[in-house]
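Hi,

Here is the structure I said I would pass on. Have a look at it first, and my notes follow below.

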Amino acid sequence: DLGFDENVQRIFDYGERVFTVTLTPSLNLEVYDAGGKKLKNLPAPAKKDDAVKAAEAYAAFKEMKKEIKAAITSQKTRLEYALSAKREWSVEAWKNLFVKNPLMHPFAMGLIWGIYNENGNLTQSFRYMEDGSFNTIDEQEYTLPEAGSIGLVHPLELPDELLNMWKEQLSDYEITQPVEQLDRPVYRITEEEKGTQKLTRFYDKEVNGASLVRSLLSVGWERGEILDGGCYDNCCRSDHKFGAVLTFSGVGVGYENVEITIEELYFTVKEKPCLLEEVSERYFSEIVLQIARIVGD
């Protein structure tokens, strides 16, 4: 929790002066003096302050800023994966992680959450409020169920009308989402692609091999089987039930910094190639999004 209390505040005591630092829903630090006046930053120790207390507090603040920056980067990556892979928590586990941990409050408040039934279908979407309550898309107070699963809502799961209502609510509260959620690009299988196993949307795209592989590895992919001569011609990933394989013209291990051509993308179920429509809509959309971001399409 990096020293923050349940109100997402941390006190820095200079002896003569006391300052309160708050982590906002937009993941920014705000500093207030004892009178409640907002300051641009935590001031440096002055002659009237307790020399030891002020020095320790000022050093602690600078260290906290570094830790928060690292924590925010780490949590954004984890939440991005949770959204992409449809990570779900039990109600109790979700409360422990996002409600009881003050550092996670800003993340929880900036995102739209969903209750999922045993079949994995969204039954209710809600938002965690700054006062610790929950509300619905109609801004009605909502009580979490005792059982069930909670996950991040994907825009694919919301009709346009509800999606726009959530966007409007976040805008009204001046909340910027910590990860791209409601404005996330969405990709769907076309009618022409149904009944096929291979997606050719990226076919013949020319990219730098090192950039492609590095970008794929950073979001959870792995290099494919190393062939004779130390070359490989695909990257793959496996995520519980589904998986994906992207093939390309081939590169050598350690010699990826060449122009290559993308060939095909196909999906797997239990490690066996499957029809495109057999893949969940969210998984299909997220895999295509990952590649589109890399190749600039």
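To start with the overall picture: of the contacts (heavy atoms within 4.5 Å) between residues at least 6 apart in sequence, 60% join residues at least 24 apart. Bear in mind that this is a predicted model, in which local features need pLDDT of at least 70 and side-chain atom pairs count only at pLDDT 80 or more, while totals for chains, interfaces and linings use all residues. Residues are numbered from 1 along each chain as its sequence is written, and side-chain values use heavy atoms, with hydrogens and water left out.

The protein has six helices and 16 strands; these are DSSP runs numbered from the N terminus, with H or I over at least four residues for helices and E over at least two for strands. The C-alpha trace spans about 70 × 50 × 30 Å along its principal axes. Of the 297 residues, 41% are buried (under 20% relative accessible area, with exposed over 50% and partly exposed in between, using a 1.4 Å probe and protein chains only).

Now the inside. A nonpolar core here is a set of buried Ala, Val, Leu, Ile, Met, Phe, Trp, Tyr and Cys residues joined through side-chain atoms within 4.5 Å. The largest one has 40 residues, and L79, W94, F98, W113, F126, L144 and I150 touch the most other members. Elements that each supply at least two residues to this core include α1 (51-85), α2 (91-99), β6 (113-116), β7 (122-128) and β9 (149-152). The most comes from α1, with ten residues. Leaving aside residues up to four places away in sequence, W94 touches W89, V99, W113, F126, Y128, F134, L144 and I150. Another core lies apart from the largest one; it has 28 residues, among them L199, V213, Y232 and I262.

Next, the sheet. Five strands form an open sheet in the order β5-β9-β6-β7-β8, with antiparallel pairing (two strands pair if DSSP finds at least two bridges between them). At the edges are β5 (88-90) and β8 (134-135), each pairing on one side only. Four bridges join β6 and β7 in the antiparallel sense, and Y116 has L122 of β7 as its bridge partner. Helix α4 (residues 160-172) packs on this sheet, where it touches β7 and β8, and its direction makes about 10° with that of β7.

α1 also packs against α6 (residues 281-295): their axes come within 8 Å and cross at roughly 130°. Axes are lines fitted to C-alpha atoms, for helices over the stretch in contact, and angles run from 0 to 180 degrees between N-to-C directions. The pair therefore counts as oblique, given that under 35 degrees is roughly parallel, over 145 roughly antiparallel, 65 to 115 roughly perpendicular and the rest oblique. On the α1 side the contact involves E80, A82, L83 and S84, and on the α6 side R282, E286, Q290 and R293.

Most residues other than glycine have a negative phi. K86, in the loop between α1 and β5, has a positive phi near 60°, and its 26% relative accessibility makes it partly exposed. E139, in the loop between β8 and β9, also has a positive phi, of about 60°; at 41% relative accessibility, E139 is partly exposed.

Cheers
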